[in-house]
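Student: I have a new structure open and would like to learn how to read it. Could you walk me through it, one feature at a time?

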Amino acid sequence: MTKRSDRVGAGVAIALLIAFPVAAQTGQSAPTAKAPVISDTGRLQGPRQPVFFRHDVHAGQDQIPCLYCHNTVTISSEPGIPALQTCFGCHQMIGGSTPSHQAEIKKVREAWVNKRPPEWTRVHALPGFVRFPHQRHIKILGTESCINCHGDVRGMPQVYQFATLKMGWCITCHVQRNVSRDCTVCHY
Amino acid sequence: MDRRRFLTVLGATGGAAAAASACDIKAEPTEHLVPYLVPPENQVPGTATYYATTCRECGAGCGLHAKVREGRVIKLEGNPESPINQGRLCSRGQAALQGLYNPDRVTDPMERGPSGEWRKLSWDDAIARLQAKTKEARGKGIAFVTGLESGSFGELVDAWMKKVGGRHVTCEPFAFEALREGNRIAFGTPAIPWYDFANARYIVSFGADFMETWLSPVAYQNGFSRAHGFDAGRDAAMAKFVYVGPRLALTGMSADEWIAAAPGTEGMLALAMAHVIVTERLAPVPADMGRVRAALDANAPERVAAAVGIEAQTITRLAREFAASKGGLAVAGGIAAQYANGAEIVAAVNILNYVAGQVGKTVKFGPNHALAAAGSFRQLTDLVRDMSAGKVALLLAHGANPGHSLPAAFSQALGHVGYRVSFSSYLDETAAASDLVLPDLHPLEQWNDSRPRTGVYALQQPVMQPVFPGTRHAGEVLLEAAGKSGSFKDYLQSRWRGVHQRYGRGRGFDEFWNDALQHGGVYADAPAENVRLSLEVTRASSPDRPALGWRPSPDEPALVVFPSIALHDGRGANKPWLQELPDPVSKITWHGWVEVHPDTAARWQVAAGDIVLLKSPFGTVRAPVWITPGVRPDVLAVPTGQGHKAYGRYAKDRSFNAFELLSDVPTPYGGRAHVVSVAVATTGDHRHLATTEGDAREQGRGVIEVLPLARARELKRGAHPFSERETPPYADRAMRGWADAQREKASLGNYAGEHPRWAMAIDLAKCTGCSACVTACYAENNLATVGEELVSRRRQMSWLRIERYYTSGDAGRPVGAVVTPMLCQQCGNAPCEPVCPVYAAYHTPDGLNGQVYNRCVGTRYCANNCPYKVRYFNWYNYAEPGGEWESWPDPLNMLLNPDVTVREKGVMEKCTFCVQRIRGAQNRARLEDRNVQDGDITPACAQACPSEAIVFGDLHDKTSRVAALAQDPRGYHVLAGLNTQPAITYLAKVVHGAVAEA
């Protein structure tokens with residue numbers, strides 16, 4: 001079964017004008033601790049990405065809400081990955097405090113100048129015959145519920161697949177919450 | 001042993017084999033996510049954006065809504081605001097997508113090298129070449145051939161041709177020359193009026209195929225179904241429809257009465273009817289009647305009856321009915337306007353409307369069709385003559401392919417032209433014979449406009465970035481070649497200043513422009529024009545003038561060349577959706593045919609599929625025979641569209657080109673005669689026709705129920721003439737225990753509680769069989785096109801098919817036809833479900849017969865057990881890139897709907913009422929904290945249907961339209977005796993007169 005839709009182009013439409021840090025507003029009980037210095041990236045879980053984008057720094061330490069970058073998650077089936085413009089919006093100013101951060105931020109700036117966005121390796125992928133409407137789940141479970149499936153990325157220097165994303169895992173939750181287990185809710 | 005247990009056992013014994021083959025399963029390849037640099041405006045990933053634009057597949061100018069996902073257009077739907085198509089769209093319009101993503105598009109400018117090979121060149125070089133050649137050709141003859149361009153691009157071509165001293169010739173193979181000339185003869189104006197079908201009470205079509213290719217088929221079919229559909233609540237009676245023509249075309253299949261008048265005598269019949277109306281004073285006699293009195297007297301029913309081939313009293317009856325309806329509408333077109341005397345026939349039909357007092361009522365001059373500005377066949381043949389004489393040094397072609405419609409003459413003449421430039425997106429016959437190809441953008445990628453009828457200004461905007469960045473807007477190329485600055489959009493906007501002044505209502509231009517873009521254009525009413533009989537009208541009648549030049553007989557038959565509803569003049573031939581769309585009449589796909597009456601076939605001793613040689617005075621083709629009662633015994637009929645020598649992989653070298661049989665000499669009215677005499681010879685060869693027809697007759701199976709109008713009117717609310725006893729007693733007894741078990745199962749788990757029951761009502765009094773729904777289903781649900789060979793092996797994937805059955809026709813009774821859409825009935829008690837060993841076919845809580853593709857293991861038990869035969873099996877991997885059976889070669893795969901799984905080999909698939917649209921609507925409703933409302937969900941078929949015959953909704957919502965229609969006295973279920981309890985209620989067709997037997 002191959003769904004030949006192109007998720008590759010899935011980007012972000014409108015950068016919501018959320019000023020940050022707004023952790024206080026969203027009540028994020030984040031680990032406010034400083035993200036650790038990582039000397040050996042080889043030991044990190046998850047695929048190595050073209051830019052060492054650290055969710056633990058952005059979402060954890062800096063407490064930027066998920067929706068700042070993945071801003072269509074509440075209105076569409078796709079959460080969207082941020083356009084390079086979103087990255088550059090901040091990193092035009094923020095150059096990084098340590099040499100390793102500076103090196104990664106430099107990659108972003110070069111990508112912007114060269115108009116060549118990084119090709120992220122996809123971590124969370126569902127087979128083509130599965131539909132997962134993000135917006136419906138966020139509507140019910142709230143904007144803090146990303147954690148349920150994606151794990152607490154505030155503590156992940158490099159994102160890895162937290163849940164199996166297998167059907168049994170989906171169904172477990174649907175059974176617990178007594179919501180639809182009809183096949184054609186996801187498969188069509 | 002239940003099914004699960006059965007499988008467990010099977011699994012244990014087959015374990016070794018399974019383990020061995022498991023090694024083949026590879027890990028999913030790594031996917032990459034490439035973010036946007038800057039997010040595009042108005043695009044939300046995973047959510048569609050709709051842009052209004054205009055369809056350019058024919059001259060009708062229907063409004064479009066282009067559904068765009070992640071920057072790619074994936075479906076075309078009608079624009080509900082357009083006064084032309086009212087939100088509906090035909091097959092050809094929807095298939096524009098396959099022109100956009102066509103794998104055979106020309107991607108870059110090309111020129112012919114010294115040894116005839118194509119060489120790419122840069123746009124700068126290409127435009128420099130064009131400029132140089134134009135300069136060189138000045139004074140030596142320049143001609144620009146385009147299709148119908150009623151908007152700014154046409155004006156630009158005109159202006160440029162004026163500047164360089166050339167001429168602009170419009171080439172439309174079906175340009176309605178006779179209609180224009182006939183109107184000029186009768187009323188002194190070549191304008192083509194708007195015909196108000198919706199308010200007609202009695203419709204007589206003299207050959208006009210107004211549901212297929214005539215003027216504005218979607219609009220007219222929509223209007224027709226409003227007049228001819230049965231509505232018990234309406235005061236006035238259902239309009240009666242009489243079709244006059246030598247062959248029962250799709251349009252004729254909806255007729256209450258088919259009159260197979262002898263070819264060329266349609267005008268006599270019209271005048272005879274007018275004669276009755278005048279002599280019996282059935283309508284107020286117009287003051288200028290005197291001008292036509294002689295013509296009418298010469299065509300009294302008794303005098304023409306023999307020639308026409310029907311009885312005089314039938315003519316009198318028709319005339320009386322026509323006048324008594326007080327809303328008669330007679331239209332002439334199709335083959336009736338393509339004889340040598342086509343213009344006179346049109347004039348005669350005009351007179352009929354005039355004496356019945358209908359001109360100004362159902363025939364509205366004022367909102368005239370743009371087609372009146374189309375060129376004529378004579379202009380084209382004049383051009384060809386000049387080309388042959390070496391008087392054309394530079395020929396440019398855009399949106400027209402005379403190399404196909406005028407095959408021999410044009411190709412020969414092309415050889416005498418100094419330099420040939422084509423703006424075609426495809427290497428069609430004309431482009432292939434060019435020296436320079438400057439590929440234009442597809443209409444969905446470009447700015448332009450058109451004025452399909454007076455008062456309607458339709459805008460075209462690019463709905464996505466060009467598929468091939470090396471293509472360029474022809475308008476922009478012309479502007480640059482002419483040395484003008486600015487883009488074509490600027491030019492377009494400059495033309496729209498005038499529209500703004502008239503319709504801007506005080507708004508600034510930008511506001512006005514944006515508003516027009518959003519709505520697809522500006523829609524204004526055109527003031528009515530009054531017409532009177534012209535002095536020339538006496539020309540309308542010369543009953544002795546021979547229409548054909550000989551009297552057709554089965555030994556010397558008349559061959560009629562008619563436009564294909566799907567391929568039109570051939571422009572649709574490289575689109576697999578249109579190739580695989582069964583012709584609504586013959587049900588043949590991927591090939592042409594010749595229609596032969598059964599008696600004639602018996603005489604010649606030919607069977608369906610036998611190849612005969614058709615030899616006209618102008619050309620010869622080989623065509624397979626298709627035997628049909630829907631054609632006169634002395635007439636043969638062949639469709640246009642096929643027989644391309646170039647154009648692309650789907651079109652090339654397929655079947656025969658019917659245009660080769662036609663004369664290259666224009667008729668007196670400047671058109672082309674589409675009827676010729678042919679000599680027929682059998683060849684002994686045979687071709688298996690790739691048809692989707694099962695049985696030509698319905699055999700009384702109750703698939704299509706028909707009620708006479710008188711009976712339908714009597715039916716009271718709550719009456720159920722078709723469902724007094726749906727399940728026979730023996731079935732009840734046999735199934736009682738099983739049904740109880742089913743019910744118990746259905747009350748378990750999440751099946752319990754409140755759920756909708758999705759259902760559909762299909763009104764056969766409205767359905768015409770035009771098959772727009774079929775293409776809509778292909779587009780929405782990623783249906784594979786399988787090709788001619790697999791269709792002939794009955795492996796087509798059309799989830800929705802139109803079944804056509806002939807009625808009557810024996811013992812001299814007139815032939816008719818009935819049609820019905822057949823799709824999954826979403827049975828409440830579905831035979832497919834219990835036989836699935838893996839629960840891939842199962843019953844959803846909302847009443848659908850779900851099909852879980854990732855569960856299906858391909859036993860095909862379900863299809864075997866389906867009494868409606870609406871399940872389709874993937875015998876091959878149609879999505880495999882580069883595979884033998886690949887259905888979507890790149891970039892055709894870009895039109896795939898990302899909301900629907902593309903099925904793989906070994907999987908059964910079927911209609912699920914567009915479940916992706918149901919879930920989408922539910923998701924939206926949930927987000928907005930509301931329930932799904934009636935009308936929120938429209939399956940693709942219902943949305944496209946030009947006659948609005950399909951209604952979808954929730955049966956449990958007692959206020960829904962579908963719940964009301966399910967209780968309609970005309971309602972019935974197909975094969976209800978099988979106790980399948982379908983969710984689709986068909987509403988019986990209603991006919992004037994008696995019901996013909998199946």
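Tutor: Gladly! Let's begin with a pair of helices in chain B: helix 10 and helix 12 are roughly antiparallel to each other, because angles over 145 degrees count that way. Their axes cross at roughly 155° and come within 9 Å. Keep in mind that this is a predicted model.

Student: Which residues of helix 10 of chain B meet helix 12 of chain B?

Tutor: From helix 10 of chain B come Met268(B), Leu269(B), Ala272(B), His275(B) and Val276(B). Facing them in helix 12 of chain B are Pro301(B), Val304(B), Ala307(B) and Val308(B). Sorted by class, this contact has eight nonpolar residues, one polar and no charged.

Student: And what is the handedness of the crossing of helix 10 and helix 12 of chain B?

Tutor: Helix 10 of chain B passes helix 12 of chain B in a left-handed crossing.

Student: Let me try chain A. At what angle do helix 4 and helix 5 of chain A cross?

Tutor: Helix 4 of chain A spans residues 84–91 and helix 5 of chain A spans residues 99–114; their axes cross at roughly 125° and come within 10 Å. That angle makes helix 4 of chain A oblique to helix 5 of chain A. The crossing of these two helices is left-handed.

Student: Which residues of helix 4 and helix 5 of chain A meet there?

Tutor: On the helix 4 side of chain A you will find Leu84(A), Cys87(A), Phe88(A) and His91(A). They meet Ile105(A), Val108(A), Arg109(A), Ala111(A) and Trp112(A) of helix 5 of chain A. The classes here are seven nonpolar, one polar and one charged.

Student: Now a single residue. Is Leu156(B) buried or exposed?

Tutor: To decide, count the C-beta atoms around the residue. Leu156(B) has 23 C-beta neighbours inside 10 Å, so this residue counts as buried. Leu156(B) lies in helix 6 (residues 152–164) of chain B. Setting aside neighbours within four places in sequence, Leu156(B) is in contact with Gly475(B), Leu478(B) and Tyr491(B).

Student: Is Pro729(B) buried or exposed?

Tutor: Pro729(B) counts as exposed, because 8 C-beta neighbours lie inside 10 Å. You can find Pro729(B) in helix 25 (residues 729–746) of chain B.

Student: How many residues are in the largest nonpolar core?

Tutor: That core has 325 residues, and those with the most contacts inside it include Leu559(B) and Phe206(B). Among the residues that Leu559(B) touches, beyond those up to four places away in sequence, are Leu614(B), Leu661(B) and Val678(B). A second, separate core has nine residues, including Ile64(A) and Val153(A).

Student: How is chain A built up from helices and strands?

Tutor: Chain A has eight helices and one strand. Read from the N terminus, its elements run α-α-α-α-α-β-α-α-α. Of its 188 residues, 30% count as buried.

Student: Finally, how many residues does each chain bring to the contact between them?

Tutor: Chain B gives 43 residues and chain A gives 47. On the chain B side, the largest share comes from helix 29 of chain B, with six residues. The chain B residues that touch chain A divide into 22 nonpolar, 15 polar and six charged.

Terms used: Residues are numbered from 1 along each chain as its sequence is written. Chains are lettered from A and ligands numbered from 1 in the order in which they are written. This is a predicted model: local features need pLDDT of at least 70, side-chain atom pairs count only at pLDDT 80 or more; totals for chains, interfaces and linings use all residues. Axes are lines fitted to C-alpha atoms, for helices over the stretch in contact, and angles run from 0 to 180 degrees between N-to-C directions. Helices (H or I, at least four residues) and strands (E, at least two) are DSSP runs, numbered from the N terminus. Angles under 35 degrees count as roughly parallel, over 145 as roughly antiparallel, 65 to 115 as roughly perpendicular and the rest as oblique. A crossing is left-handed if the near helix is turned anticlockwise from the far one by less than a right angle, and right-handed if clockwise. Two residues are in contact if their C-beta atoms, placed from the backbone, lie within 7 Å. Ala, Val, Leu, Ile, Met, Phe, Trp, Tyr, Cys and Pro count as nonpolar, Asp, Glu, Lys and Arg as charged, and the others, Gly among them, as polar. A nonpolar core is a set of buried Ala, Val, Leu, Ile, Met, Phe, Trp, Tyr and Cys residues joined through C-beta atoms within 7 Å. A residue is buried if 20 or more other C-beta atoms lie within 10 Å of its own, exposed if 12 or fewer, and partly exposed in between; C-beta atoms are placed from the backbone.
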